Amino acid sequence: MRLFIAIEIPDELKKKISCLHVDIPGARWVPAEQIHLTLAFLGEVEEGAVELLKTELALIHSPEFKLCFSGTGCFPGRHRPRVLWIGVEPHPHLKKLAAMVREAVLACGIPQEERPFSPHITLARLKFPASRESGAFLDQPEKPKFTPFRVREFTLFQSRLTSQGAVHIPIRNFTLPPSGVSCER
Ligand code: 2AM
């Protein structure tokens, strides 16, 4: 099965984020219900390895934290935007969680990319080269603001590819232990 591990975004916030949608030629906007913060993408994993993966993920002991948003941006760069996103502040506990998830996945013999974790929430994937509209979206003088929220768990998802696009199915949630730490604002 095709798997990934992510932080779920509260429904209220998903709705607000999806209000950022504007008309950009060739853009596929992520539907509100699928908005998430990816911690690790696993790709195809044999069914037999999923139980071990759950066991490894359940061993993760990383404190809960407050997730704060930064401005919008794109991958790989302004000259050739393919993915539009909202940035997420790299709270040390978020970086620690992503590193521990990565270790757990590797411990199951599932390969992971070498590139460093760059926390973001994908808004849209672009089919065409840079357009006036994508430039205007990234240059909005009024940056979107979203209320931070406390991350108390992370989730193992299955991504089922269908003719209507991917369907994300939560397989299991993993709770993070409480912490009194909040983000600097
Ligand atoms: P991203 O949008 O946060 O970059 C579920 O499919 C998630 O896994 C996607 O939202 C995407 O995260 C990430 N993903 C999907 N396909 C991927 C791939 N081939 N390589 C790396 N990450 C991928």
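Which strands each supply at least two residues of the shell around the ligand? In this predicted model, the strands that do so are E1, which spans residues 2-8, E3, which spans 36-44, and E7, which spans 120-126.

The shell itself can be listed by residue. Around the ligand stand Arg2, Phe4, His36, Thr38, Phe41, His120, Thr122 and Arg125. By class, the shell holds 4 polar residues, 2 nonpolar residues and 2 charged residues.

In the side chain of Thr38, an N or O atom lies 2.8 Å from an oxygen atom of the ligand. For His120, the corresponding distance between a side-chain N or O atom and a ligand oxygen atom is 3.0 Å. Arg125 places a polar side-chain atom 2.7 Å from an oxygen atom of the ligand. On its own, the ligand has 470 Å² of accessible area, and the protein covers 69% of this area.

The largest pocket is lined by 39 residues, of which Thr38, Phe41, Arg115, His120 and Arg125 are the closest to its centre. Several elements give two or more residues to this lining: strands E1, E2 (27-29), E3, E7, E9 (153-162) and E10 (165-175), together with helix H3 (92-107). The largest share comes from E3, with 6 residues. In the lining of the largest pocket, 20 residues are nonpolar, 11 are polar and 8 are charged.

Pro76 belongs to the loop between strand E5, residues 69-75, and strand E6, residues 83-88.

Notes:
Residues are numbered from 1 along each chain as its sequence is written. This is a predicted model: local features need pLDDT of at least 70, side-chain atom pairs count only at pLDDT 80 or more; totals for chains, interfaces and linings use all residues. Side-chain values use heavy atoms; hydrogens and water are left out. A residue is near a molecule or strand if one of its heavy atoms lies within 4 Å of it. A polar contact is a pair of N or O atoms within 3.5 Å; within protein, one must be able to donate a hydrogen and the other to accept it, and residues adjacent in sequence count only if both atoms are side-chain atoms. Accessible areas come from the Shrake-Rupley method with a 1.4 Å probe; for residues, only the protein chains shown count as cover. Helices (H or I, at least four residues) and strands (E, at least two) are DSSP runs, numbered from the N terminus. Ala, Val, Leu, Ile, Met, Phe, Trp, Tyr, Cys and Pro count as nonpolar, Asp, Glu, Lys and Arg as charged, and the others, Gly among them, as polar. On a 1 Å grid over the protein atoms alone, a cavity is a set of points where a 1.4 Å probe fits but cannot get out, and a pocket is an open set with protein on both sides within 12 Å along at least five of seven lines; lining residues have an atom within 4 Å of a point.
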